[in-house]
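Here is a short walk through one protein chain. Keep the sequence and the coordinates side by side as you read.

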Amino acid sequence: MGIPQSPRTAQVIDLDAMRHRLRAKRRLVRLAPELDGLEMLYHLSSDTKTLYGMPLLAWGLREDGEVVGLVPWMEALTPCHDLDDCEQGCFAGYRDPETDEMFHSAPEHKVFELEHAAAYFDYEETSEPTLLQQIPDTLGTHALCLNDDEGPWQLKQVFGWRLYSNGSVESLLVDSTLVDSYPVLASDDCLYPGHSRHPVVYFFQRAIANRIRQEDPATLEALACMVATDD
């Protein structure tokens, strides 16, 4: 006896298109600076019981409605929930240092802020990435810029961050040779997106940047190992 055939017609699933739609739902559509000192907590595989704190730069609203904390991490402004590296760090939650409260989801006031702002600034889609938003860097973040294997490192302070319509976020750096007046403002021509000039950009907190400036031997050795491993 034969097996009866289903009346349904076979459907071809385009996996690439499906992956693209899933990525699009997770792209950032709006940013809100974190101005109250909330932190990200993370741990290392070598000691999962010890938690380390890092100030949040901002909160981001994804197209699917999820709100995530954002920190300058390695080579990008990274959603905290994406940190899952045993050696570099694994996300463990958020913390309010004033009350010592720990939580795992974005606070309601940031969710409301982002949702209302996204509804108000409802941009039309374009074929090419366009600038949606720019926020200042409030943490003293620095970028270590590498142009090629033989060239010297350049340590630059991050002026701000730009969100584009494709969900990408770029650091905003200053070209000191083009500065006409101080303080530098967001509309000045001396500002440029980091990856538009530098193939590799690593982000560091202010304390680490100061150690690099002071040529601390241990910090420089760890930095050289990190760059060599990434290559």
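**A buried aspartate, a sheet and some salt bridges**

The side chains of Asp137 and Trp161 are joined by a polar contact of 2.9 Å. Polar contact here means a pair of N or O atoms within 3.5 Å; within protein, one must be able to donate a hydrogen and the other to accept it, and residues adjacent in sequence count only if both atoms are side-chain atoms. This is a predicted model: local features need pLDDT of at least 70, side-chain atom pairs count only at pLDDT 80 or more, and totals for chains, interfaces and linings use all residues. Residues are numbered from 1 along each chain as its sequence is written, and side-chain values use heavy atoms, with hydrogens and water left out.

Stay with Asp137. It sits in the loop between β10 (131-136) and β11 (142-146). Helices (H or I, at least four residues) and strands (E, at least two) are DSSP runs, numbered from the N terminus. The Asp137 side chain also reaches the backbone nitrogen of Gly140, at 3.0 Å. Is Asp137 buried or exposed? It is buried, yet it has no salt bridge. Buried means under 20% relative accessible area, exposed over 50%, partly exposed in between (1.4 Å probe, protein chains only). A salt bridge puts a side-chain nitrogen of Lys or Arg within 4 Å of a carboxyl oxygen of Asp or Glu. For Asp137, the nearest side chain of opposite charge is Arg206, 8.9 Å away. Lys and Arg count as positive, Asp and Glu as negative; His and the chain ends are not counted.

Next, the sheet. Three strands form an open, antiparallel sheet in the order β12-β11-β16. Strands pair if DSSP finds at least two bridges between them. Its edge strands, β12 (154-157) and β16 (200-204), each pair on one side only. Between β11 and β12 there are 4 bridges. One of the pairs is His142 with Gln157 in β12.

Now the salt bridges. The count comes to 9. In one of them, Arg27 meets Glu63 at 2.7 Å, N to O. Arg27 lies in the loop between α1 (15-25) and β1 (28-33) and Glu63 in the loop between β4 (58-62) and β5 (67-73), so the pair ties together parts 36 residues apart in sequence. Another joins Asp82 and Arg62 at 3.4 Å, N to O. Asp82 is partly exposed at 40% relative accessibility, whereas Arg62 is buried at 4%. A network of salt bridges links Arg26, Arg62, Glu66 and Asp82.
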